[in-house]
Amino acid sequence: MTNDNAAPASEPAIPNPRADIAQLDALERTLYCHRYAIDEISSLGPVIDPAKATAERGEAVALLEQERVEALCAPEVGPLLDRIEQSPELMGQTRLAQARVIRRDRASLIDVPAEEQAAFTRLTTEANDVWRRAKAANDWASFEPYLDRIVEAMRHMAQAKNAEKDPYDVWLDEFEHGTSRAFYDPFFAQVKDCVVPLLADCMASRHKPDHKVMDGKFDVERQWALAGDLMRLEGVDEDALWLGRTEHPFTGGPGVGFVLIASHVYEDNVLSNVFSMLHEGGHTLYEQNVDPAYAMTSLKGGTSMGMHEAQSRFFENIVGRSEAFAGPLLEVLQRRFPGQLGRVTPHQLYLAENCAEPCLIRCDADELTYPLHILIRYELEQMLFSGEAKAADIPALWAAKHKEYLGLDVPDDAHGALQDTHWSDGSLGYFPTYALGSAFGAQLKAAMVAGGMDFDAVCASGDLAPIREWLRTNIWHWGRAKDSDELMLAACGEPFSPAYYTDYLTQKFSSLYGLQ
């Protein structure tokens, strides 16, 4: 006998695919509008707002963030994503990628109450304002309670996200998918085993580069004009860029058509401006060159902070501090400062910008010592999350680790634990991606060369279009549709390996310092 009430065996998995596509598009529009508003307020606010605007800005961003989380975690979204993923032949690769990324974003938030997320936004907005004033006043004590509150809030949210994982591992994975201390510990061990003895050999060498040709006072307003020149040299789309001024350089902005760089200049250190701008320009190029089809969707933007820092560190160092690029870079500098730099040669500039000298400020560190700055922060963050250290302990620990790794005495907190903005905005777990991104970049350069690119000739020409096109095709175009490991495998023909980074550093600084 047959059962007339039974559902047909061939009932489609998606009863109404057009309705599901419309629902997905509506969700993406809602998420996009909230992201746009949050990013614009969060990026521009600290740059242009008066001091008394902090609380109101924090409330606006908190409410927008709460609405975004509620939309993303609404009960109907889970079944929608299920239906989309169950019919790949109807949905196509872009919508399947959207569903995958939205599901991951949703999973990281769904067990954290929206009001808790909003409270964290209020806290970090206030903490960032406190940090700015604390740094200016060299006043760690005023920022100290905020750091303890931020760590406790992040620990609590991590437990809600995944109670089975160590809280710090949860946040490491948020900034670079698939990472944890089990990934970073051997990575940093390999980097440390290379950098520490190499730095010691450089310091002991009689053949040392000289930076004196770049010493002096450089007019601040002409440096800001130079910043625009550097963006043009790098190939940034100026019609989609807003350049502002801030205490700590960053790249933000809500869309492909609006990327914001905020930076600073120092009268006595023109190279700080040069490499800050090339660094932030790398972030900007990534954001501006995502597939236009991904605009206003969850696929817009860089896939992870590790891959984002790969782009910034690539243009700052692998291009920007290369000997081949010294000629085009010097031409730009000499146009703005002909009297001071008119007699400097490209080789002199190359030597000046590659002196391996331990310094206190991470953002101004040379390419060789830079990963030690990141290692210090990685170790301190683990201590904060484990409870081994509280915020009150950080200045002393900071000083001890800078003495151990860099041989430096830290004179005050403004040159120490207050120098970075990241902890004030709740970005603990972000710092390791700077070192990882540097390593990604070294492997990407090797892949370019292996594929037939004359990398030095491209840099020497001053026209970086072939490098940009290679990165656009292999990395930037994909936005969030592919994770870092997938991108690295496809672009390089092999999985990520730190050996490219350590080999790059060894070869470059052995040559610079005449090491055997």
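These legends walk you through several close-up views of one predicted model.

Residues are numbered from 1 along each chain as its sequence is written, and side-chain values use heavy atoms, with hydrogens and water left out. Because the model is predicted, local features need pLDDT of at least 70 and side-chain atom pairs count only at pLDDT 80 or more, while totals for chains, interfaces and linings use all residues.

View 1. Rolling a probe the size of a water molecule over the atoms shows where empty space is left. On a 1 Å grid over the protein atoms alone, a cavity is a set of points where a 1.4 Å probe fits but cannot get out, and lining residues have an atom within 4 Å of a point. Grid points are joined across faces, edges and corners, and a volume is the space filled by probe spheres set on the points. Helix H11 (305-319) gives the most to the lining, with four residues; helices are DSSP runs (H or I, at least four residues) numbered from the N terminus.

**View 2. The second largest cavity.** Here about 50 Å³ of space is lined by Phe143, Arg377, Trp398, Ala417, Asp420, Trp423 and Phe431. By class, the lining has five nonpolar, no polar and two charged residues (Ala, Val, Leu, Ile, Met, Phe, Trp, Tyr, Cys and Pro count as nonpolar, Asp, Glu, Lys and Arg as charged, and the others, Gly among them, as polar). Phenylalanine 431 also forms a tilted aromatic pair with tyrosine 434, 6.1 Å centre to centre and with 35° between the planes. Rings of Phe, Tyr and Trp (its six-membered ring) pair if their centres lie within 6.5 Å; planes under 30 degrees apart count as stacked, over 60 as edge-to-face and the rest as tilted.

**View 3. The second largest pocket.** A pocket is an open set of points with protein on both sides within 12 Å along at least five of seven lines. This one holds about 570 Å³ of space. Of its 24 lining residues, the closest to the centre are Asn269, Leu271, Ala352, Glu357 and Asp364. Helix H10 (residues 270-288) supplies the largest share of the lining, four residues.

**View 4. An aromatic pair across the chain.** The structure holds 23 aromatic pairs. In one of them, phenylalanine 187 and phenylalanine 496 are tilted, 6.3 Å centre to centre with 50° between the planes. Phenylalanine 187 is buried at 2% relative accessible area, whereas phenylalanine 496 is partly exposed at 21% (buried means under 20%, exposed over 50%, partly exposed in between, with a 1.4 Å probe and protein chains only).

**View 5. Charges over rings.** The charged end of arginine 313 sits over the ring of tyrosine 370, 3.5 Å from its centre. Likewise, the charged end of arginine 321 sits over the ring of phenylalanine 275, at 3.8 Å. The rule asks for NZ of Lys or CZ of Arg within 6 Å of the ring centre and within 35 degrees of the ring normal.

Key. Helix = DSSP H or I, 4+ residues; strand = E, 2+ residues; numbered from the N terminus.
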